[in-house]
Amino acid sequence: LFSLAVRGSEGLYMVNGPPSFTESTAFQRDSGKNCKAVAFSKDGSLFAWCNGEKVNIVNVTRAGLLHSFDLPKTVCLQFSPKNNVLATWQAYATAKDGTAGVPNLQLHDLRTGKCLKSFTQKKMQNWCPCWADDESICARNVNNEVHFFENNNFNTIANKLHLQKVSDFVLSPGAQPAKVAVYVPGSKGAPSFVRLYQYPNFGGPQSALANKSFFKADKVTMLWNKKATAVLVIASTEVDKTGASYYGEQTLHYLAANGESAVVQLPKNGPIYDVAWSPNSVEFCAVYGFMPAKATVFNLKCDPVFDFGTGPRNAAYYSPHGHILVLAGFGNLRGQMEVWDVKNYKLISKPVASDSTYFAWCPDGEHIVTATCAPRLRVSNGYKIWHYTGSVLHSYEVPSDEEMWQVFWQPFLDGVFPERAVKYQAVPSEVPSAAPRPAQAYRPPALRNKPVTSSKLHEDEPPQNMKPHPGGSDKPLSKTALKNQRKHEAKKAAKQEAKADANQGPAQVKTPQNALQNTVPALTTGDPEVDKKIKNLKKKLKAIEQLKEQAAAGKQLEKNQVEKIQKEAALLKELEDLELGV
């Protein structure tokens, strides 16, 4: 049996997973209203929580209290991967006379209950040391260098990784040898960079496994795949200088441990909402672009494999076995979910979990929890447990005067639950499904008794398989294909324009630039300089178009204005060359 831990104003308790959904007797409910921090061990056997008085650790399987530490102000807890150490963090406070405060990050030996080491860790962000999965090394960022300890001996620094200013690092998952990805932010016009190293080879830039430098990064998120062969880097700026996006600008970079690196080309402009590695480590899914957002699965060559089209979504979640992918729109979206079988790229179900602030796959790969938690939303707090086929199997809402703060599954190690065949038929459920009423669009009184005419703000793009056809060698929209496609469309536009010229009198001359704009999709070249030139050329052509209209209306033009009109053909040629990437 596995459990779901629930923390809120009703206390801390555990609920048995499917099929019973009863309160677990393996964990005695803590009814205190002051439970700030909770954590399961990686294998799910141990559970720790701080109730405002003590930090308690229990063995969930045997229902016995292991240790109790007198650390009432603990706000963060974490177990080491093999359950040898519990790390606790309390907010740092200086002494009343202004002198340095006491160390606030403690590492406890779980066998003896003794404190192995105390550190001073002022920031809550990245507070916890990072262990390799076998606990052979442990690392923490201290004053912009990464300190490494070996075999949980925290009295000796075994190694240091010292670059200009390491602002963040991530250890690779899985077996030895451990690798580390480090991020150094750019300063004084120098680019930021991410480097991959293999522990303990840190001697100079030549020892790096891979290196990727980029401008436009105030912060980065680094994601290792499960096999530790590659890292995805989401680089983002706080402010979008072009003013196109409220979210700042994001770019997605790929680095492999074999030294390869690339920028992942995303076919739609706009924010990158989410990126997730498939557990198979050879594919990843990105959700990106102005709403309605696109979602695409890419392979390790950063080529698109499958495009899910556009829709109201901002998150992607692979199931633990990697055979199912959920695309969802939470936060400021309505909670629509699309559940996909990613082996066959078939849609399984489209449930709606409105007002959800949390989503997580159950370790069995069959069930999902969605929850509405405070402080993100303070009304209708509760959780629902679903089967991925769209059925709600269990639902709980707290009383209106109570709050729910957190729910999370008890974790299990890989391989405990076998992968099962994908079902498409909705699983039977006792819980009546309350289908949300579709929100009606506002109609002014004058139109209320008239037939509805549907008007869409944008056309949704359908899903499409991007894998090359077995018969043809043409890769989906490679650079050459794009170039040819644009040339073809440009020729088509020119033909149509010539026809229009022949049919129309001089007073209604339609400029080729306009025809081009209407038929060729606005594709960015990927090079900001070229995009800028194209924008300026279009501006000039628009001005020429207006001058021609004025001339047609009988206005006397100045000499310089006539000269401007004469340059039109040259500008058009330049624009076409730039758009075709010649």
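Predicted model: local features only at pLDDT ≥ 70, side-chain atom pairs only at ≥ 80, totals over all residues.
Local features were taken only at pLDDT of at least 70 and side-chain atom pairs only at pLDDT 80 or more, while totals for chains, interfaces and linings use all residues. Residues are numbered from 1 along each chain as its sequence is written, and side-chain values use heavy atoms, with hydrogens and water left out.

Let me begin with the largest nonpolar core, which has 19 residues; by such a core I mean a set of buried Ala, Val, Leu, Ile, Met, Phe, Trp, Tyr and Cys residues joined through side-chain atoms within 4.5 Å, buried being under 20% relative accessible area with a 1.4 Å probe, protein chains only. Strands S12, S13, S15, S16 and S17 each supply at least two residues of this core, strands being DSSP runs of E with at least two residues, numbered from the N terminus, and the largest share, 3 residues, comes from S16. Val180 is among the residues with the most contacts inside the core, and, leaving aside neighbours within four places in sequence, Val180 is in contact (heavy atoms within 4.5 Å) with residues including Phe148, Leu161, Tyr197 and Trp224. A second, separate core of 18 residues includes Phe2, Val15, Val369 and Val398.

Turning to the helices, which are DSSP runs of H or I with at least four residues, the axes of H3 (528-552) and H5 (568-579), lines fitted to C-alpha atoms over the stretch in contact, come within 10 Å and cross at roughly 150° on a scale from 0 to 180 degrees between N-to-C directions. That makes H3 roughly antiparallel to H5 (an angle over 145 degrees). Among the residues making the contact are Leu537 and Leu541 of H3 and Leu571 and Leu575 of H5.

Key: Buried < 20%, exposed > 50% of the residue type's maximum accessible area, 1.4 Å probe, protein only. Parallel < 35°, antiparallel > 145°, perpendicular 65-115°, else oblique.
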